[in-house]
Amino acid sequence: MAVDIKGLSEIAGFIGGCLVDSETGLMMASEGGGSALDLEAAGAANTEVVKAKLLAIKTLDLKDFIEDILITLGKQYHLIRPLEKSPSVFIYVALDRKTANLGMARVQVKNVEQTISL
């Protein structure tokens, strides 16, 4: 299955991004990354972030869902967004903190999500 996530590369400050199955940790598609970021490792590691947040939501009986998760590092932003139509799959994007605009990044990630059909 070929999934096109090239639209992620249009986000200001884009370093790399991928589509990940959170049940297995396997990357389904990727864009960018290269020597700057190991997207397979990042996708697998962020699977644990998503699972931990889902467990917290369940434990707290919040009856809610994850729209997105933002991780702010010293030099980067990491944005995780489960797909609305398939919540076990998420988009992961790493952005350079100096050049990224978080509001616009969230909008663009959502726009890319809407082009994905699984």
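This is a tour of a predicted model, one selection at a time.

**Whole chain**

Start with the protein chain in cartoon view. The protein chain holds two helices and five strands, and along the sequence they follow the pattern β-β-α-β-β-β-α. The radius of gyration is 13 Å, close to the 13 Å that the globule rule gives for 118 residues, so the chain is as compact as a globular protein of that length. Along the principal axes, the C-alpha atoms fill a box of roughly 35 × 35 × 25 Å. Of the 118 residues, 41% are buried. Among contacts with a separation of 6 or more, 51% are between residues 24 or more positions apart.

**The sheet**

Next, colour the strands. In what order do the five strands lie in the open sheet? The order is β2-β1-β5-β4-β3, with antiparallel pairing. The edge strands are β2 (26–32) and β3 (69–72), and each of them pairs on one side only. On average, neighbouring strands of this sheet are turned by 15° against each other, direction ignored.

Select β1, residues 14–21. Is this strand enclosed or open to the outside? Eight of the eight residues of β1 are buried, so the strand is largely enclosed by the rest of the structure.

On one side, β1 is joined to β2 by six bridges, and the two run antiparallel. For a pair to display here, take Val-20, whose bridge partner in β2 is Met-27.

Move to β5 (89–96). Seven bridges join β5 to β4, and these strands run antiparallel. Leu-79 has Val-93 of β5 as its bridge partner.

Then step from β4 to β3. These two strands pair in the antiparallel sense over four bridges and form a hairpin with three residues between them. Ile-69 has Ile-80 of β4 as its bridge partner.

Now bring in helix α2 (102–115). Which strands does α2 lie across? The helix lies across β3, β4 and β5, and runs at about 35° to β4.

**Nonpolar cores**

Switch to side chains. In soluble globular proteins, nonpolar side chains tend to be buried together. Here the largest nonpolar core has 19 residues, and Leu-8, Leu-19, Ile-91, Val-93 and Ile-116 have the most contacts inside it. The elements that give two or more residues to this core are β1, β4, β5 and α2. β5 gives the most, with four residues.

Centre the view on Leu-19. Beyond residues up to four places away in sequence, Leu-19 touches a list of residues including Val-3, Ile-5, Met-27, Leu-83, Ile-91, Ile-116 and Leu-118.

A second, separate core has 14 residues, among them Cys-18, Ile-66, Ile-69 and Phe-90.

**Gly-43 in helix α1**

Select Gly-43, in helix α1 (residues 39–59). Gly-43 is buried, because its relative accessible area is 1% and the limit for buried is under 20%. Leaving aside neighbours within four places in sequence, Gly-43 is in contact with Cys-18, Val-20, Gly-25 and Phe-90. For a distance to display, draw a line between the C-alpha atoms of Gly-43 and Asp-21: they are 22 residues apart along the chain and separated by 8.6 Å.

**Arg-81 in strand β4**

The last stop is Arg-81, in strand β4 (residues 76–82). Why does Arg-81 count as buried? Its relative accessibility is 6%, and buried means under 20%, so Arg-81 falls in that class.

Which side chain makes a polar contact with the side chain of Arg-81? That of Glu-113 does, at 2.4 Å. With residues up to four places away in sequence left out, Arg-81 touches Glu-67, Asp-68, Val-89, Phe-90, Ile-91, Val-109, Lys-110 and Glu-113.

How values were computed: Residues are numbered from 1 along each chain as its sequence is written. This is a predicted model: local features need pLDDT of at least 70, side-chain atom pairs count only at pLDDT 80 or more; totals for chains, interfaces and linings use all residues. Side-chain values use heavy atoms; hydrogens and water are left out. Buried means under 20% relative accessible area, exposed over 50%, partly exposed in between (1.4 Å probe, protein chains only). A polar contact is a pair of N or O atoms within 3.5 Å; within protein, one must be able to donate a hydrogen and the other to accept it, and residues adjacent in sequence count only if both atoms are side-chain atoms. Contact means heavy atoms within 4.5 Å. A nonpolar core is a set of buried Ala, Val, Leu, Ile, Met, Phe, Trp, Tyr and Cys residues joined through side-chain atoms within 4.5 Å. Two strands pair if DSSP finds at least two bridges between them. Axes are lines fitted to C-alpha atoms, for helices over the stretch in contact, and angles run from 0 to 180 degrees between N-to-C directions. The radius of gyration is taken over C-alpha atoms; the globule rule is 2.2 Å times the number of residues to the power 0.38.
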